[in-house]
Amino acid sequence: MRTNNDIERLRTQAERARRCFYPTSRSQQQAAYARTRVGQLVRPYRNMYADSEYWSTLPPPERSRHIIRTMAQQYPGRVFAGLSAAAILSLEYPWGLHADGLIYIAAPRGRSAGAHPQLRHIVMTDTPVRTVVDCLNEGRFGTFILPDPATYDGIGDVVNTMRITTPARTLVDCGLRYPFVQTLPMFDSALRRNLATREELLELCDGLRTDCGPVMRLLRYANPLNENGGESLCYGTIIEEGFAVPELQHVFIDPDDPRARYRADFVWHTSDGRVIVLEYDGTRKYVDPAMTNRRDVRDVVRRERAREDALRRAKVTAIIRTDYDEVIRRTPLRRKLLTAGVPMAVADPRYERRLDMRGREW
């Protein structure tokens with residue numbers, strides 16, 4: 001009975017701190033294993049457990065964060081890197097990157113033969129480190145990147161402490177490991193939140209003995225005006241498909257009501273005078289009360305139609321709508337852009353991005 005009480009106590013404490021729990025005695029290990037066999041607990045990593053129902057509610061990045069927080073408690077000296085550091089920083093990226101369940105740490109040498117199969121080393125001899133803490137303050141959970149040297153003053157009750165690579169090093173490692181369209185949301189979100197600068201990233205690349213071409217391409221196109229990961233994914237797909245780089249978040253004024261202003265996600269002004277707008281629609285726009293101001297779907301749709309009417313009065317000649325599914329499949333998005341006459345960058349260099357890697361006009 002006492003062992004079962006211990007398991008419940010460990011589980012409750014872990015969930016409060018948003019991590020897994022791990023047994024500290026033989027009897028606790030046996031009890032956790034027994035509960036795992038009957039499906040009450042899951043074992044996402046070696047010697048880590050979580051309640052099955054609780055675990056099923058967590059999205060992939062949060063599952064990874066739970067494992068990292070637990071591992072940081074077990075091995076305080078580890079420095080998490082790559083996608084694992086990106087997860088702790090809550091950068092935006094496709095959740096499918098977590099499909100392999102790998103955890104990444106910085107290390108001076110490659111993975112040893114006896115290492116856990118889910119653990120991967122990113123080799124670096126001079127590791128730039130930041131301390132990240134999770135805190136509870138009046139019941140609210142928050143994550144903070146501490147300055148160097150770290151200070152804990154006034155941030156609340158610290159429940160987790162982790163060491164990760166700096167945001168700049170995290171972005172470079174991910175940019176070298178993952179495809180352009182999957183990593184662009186990370187760069188956009190980091191720039192939007194001022195976690196890193198283009199100058200930091202360029203300086204870091206200059207000091208590495210590796211080809212940073214993929215990172216240079218990401219820096220060329222990264223744009224913090226993309227408001228979320230979905231828009232960044234769409235933007236990157238447009239670029240990869242060879243279309244002209246659109247203007248982001250262009251504001252249109254309704255000529256019938258100059259006080260009414262409408263911001264469009266992606267806009268092209270063509271050489272023959274056409275104005276093409278592409279709107280990226282997320283499902284939350286129609287179902288999340290926080291996004292709809294608790295209006296019903298019919299009211300949201302009516303407002304969207306009124307918005308389109310205003311855009312047409314502002315001389316927009318074509319309005320395209322797309323969503324995550326079309327962006328991932330690519331062909332539906334490409335067909336819509338071609339039908340609307342969106343210019344191809346490869347056909348007319350005037351439409352290529354006119355910003356250098358530092359975000360300056362050239």
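Which residue in β12 is the bridge partner of Asp-281? The points below answer this and go on to a helix elsewhere in the chain.

1. The model is predicted: local features need pLDDT of at least 70, side-chain atom pairs count only at pLDDT 80 or more, and totals for chains, interfaces and linings use all residues. Residues are numbered from 1 along each chain as its sequence is written, and side-chain values use heavy atoms, with hydrogens and water left out.

2. The partner of Asp-281 is Asp-323 in β12. Glu-279 stands opposite Arg-321 in that strand. Strands β11 (residues 275-281) and β12 run parallel and are joined by 6 bridges; pairing requires at least two DSSP bridges between two strands. Strands (E, at least two residues) and helices (H or I, at least four) are DSSP runs, numbered from the N terminus.

3. The open sheet has 4 strands in the order β9-β10-β11-β12, with mixed pairing. β9 (247-254) and β12 are at the edges with a single partner strand each, so one side of each lacks a neighbour in the sheet. Even so, 5 of the 6 residues of β12 (residues 318-323) are buried, that is, under 20% relative accessible area, where exposed is over 50% and partly exposed in between (1.4 Å probe, protein chains only).

4. In helix α2 (residues 26-37), Gln-28, Ala-31, Ala-32 and Arg-35 are buried. The buried residues of α2 fall within an arc of 95° seen down the axis, so they line one face of the helix; the arc is taken from the directions from the helix axis to the C-beta atoms. Arg-26, Tyr-33 and Arg-37 are exposed on the face turned away from the buried side. Just after α2, Gly-39 has a positive phi of about 85°.
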